[in-house]
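Q: I am new to this structure. Please take me through one part of it closely.

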Amino acid sequence: MKFLLKHLRLSAFALTLSLGLPASAADFTALGEQAIFQVTLTSLSGDLKIGDFEEFEIAIVDSSGAPVAGATVVFSGGMPGHGHGFPTAPTVSEIGGGLYKLEGVKFSMGGAWEINLTISADSKTDTASVQIEM
Ligand SMILES: [Cu+2]
């Protein structure tokens, strides 16, 4: 069973409050189904487009909010409602300090997409699912 996942925009909202900038429409947070890790995906283009290659920065924290370094992150996902995966094979690499880079994501059509990130670190594994409506 998966937790109800939401598009939280708390970090963008906080940024808006502190800097007066418009909230990003491409900042997504999801708690893992085991509630061990939480991910926040930030679009590096800031403007997701159908058919473009998209990159995201992934911030991973543990249940105490501490950054998780040295994790293995495996990407999967697609459009559950259509029964297909992503048209590309995105990759995840570690930046450092609990930050990772997700590259090669292409949303090939409009609709409900799901990015699943299976995170293994400190002998624990958890999967976070981020919902993105294109
Ligand atoms: Cu589809």
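The request below concerns the nonpolar core and the strands around it.

Q: Which residues of the largest nonpolar core touch the most other members, and which elements give two or more residues to this core?

A: First, the ground rules. This is a predicted model, where local features need pLDDT of at least 70, side-chain atom pairs count only at pLDDT 80 or more, and totals for chains, interfaces and linings use all residues. Residues are numbered from 1 along each chain as its sequence is written.

pLDDT is the predictor's confidence in each residue, from 0 to 100. The chain has a mean pLDDT of 86, and 81% of its residues reach 70 or more. Over residues 1-23 the pLDDT is below 50. Beyond near neighbours in sequence, that stretch has 24 contacts in the model. Two residues are in contact if their C-beta atoms, placed from the backbone, lie within 7 Å.

Next, the overall layout. Helices (H or I, at least four residues) and strands (E, at least two) are DSSP runs, numbered from the N terminus. The order from the N terminus on is α-β-β-β-β-β-β-β-β-β. Of the 134 residues, 23% count as buried. A residue is buried if 20 or more other C-beta atoms lie within 10 Å of its own, exposed if 12 or fewer, and partly exposed in between; here too C-beta atoms are placed from the backbone. Among contacts between residues at least 6 apart in sequence, 51% join residues at least 24 apart.

Now the core. A nonpolar core is a set of buried Ala, Val, Leu, Ile, Met, Phe, Trp, Tyr and Cys residues joined through C-beta atoms within 7 Å. The largest one here has 22 residues. Val39, Ile58, Ile60 and Val130 touch the most other members. Two or more residues come from each of β1 (27-31), β2 (37-43), β3 (53-62), β7 (99-106), β8 (112-121) and β9 (124-133). β8 gives the most, with four residues. In soluble globular proteins, nonpolar side chains tend to be buried together.

Take Ile58 up close. Leaving out residues up to four places away in sequence, Ile58 touches Val39, Leu41, Val73, Val92, Leu99, Tyr100, Leu102 and Leu117.

How do the strands line up? Two strands pair if DSSP finds at least two bridges between them. Strands of a sheet pair through backbone hydrogen bonds, either parallel or antiparallel. Five strands form an open sheet in the order β1-β2-β3-β7-β6, and the pairing is antiparallel. β1 and β6 (91-96) are the edge strands, each pairing on one side only. Neighbouring strands of this sheet are turned by 25 degrees against each other on average, direction ignored. For such angles, axes are lines fitted to C-alpha atoms, for helices over the stretch in contact, and angles run from 0 to 180 degrees between N-to-C directions.

Start at β1. Four of its five residues are buried, so β1 is largely enclosed by the rest of the structure. Five bridges pair β1 with β2 in the antiparallel sense. Asp27 stands opposite Thr42 in β2. The two strands form a hairpin with five residues between them. In its turn, Ala35 has a positive phi of about 60 degrees.

β2 then meets β3. Seven bridges join these antiparallel strands. Val39 has Ile60 in β3 as its bridge partner. Both residues are among those touching the most other core members.

Turn to β8. Seven bridges join it to β4 (residues 72-79), and the two run antiparallel. Val74 stands opposite Thr118. Phe75 has Leu117 as its bridge partner. Leu117 is also one of the residues that Ile58 touches.

β8 pairs with β9 as well, antiparallel, over ten bridges. Trp113 stands opposite Ile132 in β9. Their hairpin has two residues between the strands, and Asp122 takes a positive phi near 50 degrees.

β4 has another pairing. Two bridges link it to β5 (residues 84-85) in the antiparallel sense. Gly78 stands opposite Gly85 in β5. This hairpin has four residues between its strands, and Gly83 in the turn has a positive phi of about 70 degrees.

Last, a loop. Gly110 lies between β7 and β8. Gly110 is exposed, with 10 other C-beta atoms within 10 Å. Gly110 and Ile50 are 60 residues apart in sequence, yet 6.8 Å apart in space, C-alpha to C-alpha. Not counting residues up to four places away in sequence, Gly110 touches Ile50 and Met134.
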